[in-house]
Amino acid sequence: MPITKSSLNLKKISLIRNPCEFPYFCGFFSIRSKTTLTQYESDAPIPDQIFKLAAQMGSYKSGDSTFYSLIENYANSCDFRTLFQVFDRMKRERRVFIEKNFIVVFRAYGKAHLPEKAIELFGRMVDEFQCRRTVRSFNSVLNVVIQEGLFYRALEFYDCVVGGKTSISPNVLSFNLIVKAMCKLGLVDRAIEVFREMPVQKCEPDVFTYCTLMDGLCKEDRIDEAVLLLDEMQIEGCFPSSVTFNVLINGLCKKGDMARVTKLVDNMFLKGCVPNEVTYNTIINGLCLKGKLDKAVSLLERMVASKCVPNDVTYGTLINGLVKQGRSVDGVRLLSSLEERGHHGNEYVYSALVSGLFKEGKSEEAMGLWKKMVEKGCQPNVVVYSALTDGLRREGKLDEAKEILCEMVNKGCTPNTFTYSSLIKGFFKMGNSQKAIQLWKEMAKNNCMPNEICYSVLINGLCEDGKLREALMVWAHMLGHGLRPDVVAYSSMIHGLCNAGSVELGLKLFNGMLCQESDSQPDVVTYNILLRALCKQNSISHAIDLLNSMLDQGCDPDLVTCNIFLSALSEKLNPPQDGREFLDELVVRLHKWQRIVGAAKIIEVMLQKFLPPKASTWERVIPELCKPKKVRAIIDRCWNSLFF
């Protein structure tokens, strides 16, 4: 729904036609008022003692201001029992209640996470305490409800008050709160309607209104509408703040539109808004997501030059980006330069670098960084320990990894499921299933409850080791604990069954897999396991049927799939076939379903196997894959992959 300047004559904004059809939400004005204050008391009020026991809060005399001070003090300490004893005495002595008394109690209820108590007390203000309610107390309760994340409840409360007989008219804060609730619920179009109704209610939107609505639009991926609001607010005489620009910059960065981010920053300077830490962090993160690490580092230097202090988020974002690009060494250099400026990396920065160095095969540098971290007094946590043990596992240094695990436990740092599953995987890979199982038992002994990933690692290791019976027992144990196997666990179990010659049981398990949720659906690895098993049994027609099912499920074949069928067609058929017609037809089918990338991968396999596609197949795929001027480049790339 586009944003227009036309206002909608809205009388209510609720999700229901008549909110008072729901007595739970509106009945607190009548039904809940019958609740007496004695529900907050275990004893009768102790009027004089309240004043005697309050000596630590100052000297009190029995007057209205004294009662007001007591209410504020007891509310600040969330002592509701004593607070309502004060309320009870005020009622009996016919003292005057003022709205401020209730506002401090509402805030206390918010602090104590009791939003329903705030709503209930708001409904009793007039009849029970003879205190006039205004928009101030209304906003106070509304804010308490929204702070608790009860956004639908906030909308219902708003409708009962504004649409009822309370004579309370919302102000800009009321609208801001209700717009926030709607945006949090994803009801951005409804929020826009409320926003357009504000001038009709003689209430002009402020910078917070615009920021909240812009944020809601950005989260709904409606960036263009959010940017239009920036122009509109300036036309209306509402000047944007740094927060306003940060909201839009964040939305554009997540979308990857860094060109518009640059223009927005220029506009920000023109409006006299100076970028702050949030601005820099957001842009640096956006550059990292786009892979522009060098520009991100340059921006960091500019940030420091602007006397804007970088924080852990800035460093972590940059270093994590460098690690993801395989530039962990550059990340270490950046960390060193930051430490020279007086900044210290935290445990998460070190864990990312240690893990990255190990993945890049730089184990010595990783161990050196570990020692440097300890020397600097940075206490490693479970994340750093896990990164170190996983890195040593990758290097095949399982004994050293086990020593780190023991050191971790001795220092009171409890290993998590990732720590254990990484080492278990390593021992299975080294062919030492006994130590892997021993580590599994140790994990249970240390009260570390295994998750789906741990079970997948154990099942895969047992199946690879030929221990199908034990794997089936673990499978049953996993299901018995209410854990749902993921695609790795299913594929491992199917692989184990097929290797044991129980292909039919593997297919039954596969059929059950199709009924599971998305993260347990078969992938190309699962299909390849079954295709290989069927072809090995000379069930090529059955394998082709499974391939058709694979394509129907939206799973594209890969190099392994092609090799399975090429081997079967050349070895199992009489006369043998080279597979060219088979693969060419596969390309045509993928193209027909607009799965061009999958089709291109099959063509690449065909070229590698010296099985050139038909001319008609080339004509179909290449124009879809790239623009005409890039056709030659794609063809050259295919031939280069063939000969070089």
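Helix axes are lines fitted to C-alpha atoms over the stretch in contact, and the angles between their N-to-C directions run from 0 to 180 degrees; helices themselves are DSSP runs (H or I, at least four residues) numbered from the N terminus. The structure is a predicted model, in which local features need pLDDT of at least 70 and side-chain atom pairs count only at pLDDT 80 or more, whereas totals for chains, interfaces and linings use all residues. Residues are numbered from 1 along each chain as its sequence is written, and side-chain values use heavy atoms, with hydrogens and water left out.

Helix α11 (residues 207-219) packs with helix α12 (residues 223-235) at an angle of about 165°, their axes being 8 Å apart. The two helices are therefore roughly antiparallel, a term for angles over 145 degrees. Contact, meaning heavy atoms within 4.5 Å, involves residues including Tyr-210 and Leu-213 of α11 and Leu-229 and Met-233 of α12.

The axes of helix α6 (residues 115-129) and helix α8 (residues 151-162) come within 12 Å and cross at roughly 5°. This makes α6 roughly parallel to α8, the term used for angles under 35 degrees. The contact is formed by Glu-116, Ile-119 and Phe-122 of α6 together with Arg-153, Phe-157 and Val-161 of α8.

With a disulfide taken as a pair of cysteine sulfur atoms within 2.5 Å, the count is zero. The sulfur of Cys-448 lies 6.4 Å from its closest cysteine sulfur, that of Cys-454, which is too far for a bond. Cys-448 is buried (under 20% relative accessible area) at 9%, whereas Cys-515 is exposed (over 50%) at 66%.

Technical notes: Angles under 35 degrees count as roughly parallel, over 145 as roughly antiparallel, 65 to 115 as roughly perpendicular and the rest as oblique. Buried means under 20% relative accessible area, exposed over 50%, partly exposed in between (1.4 Å probe, protein chains only).
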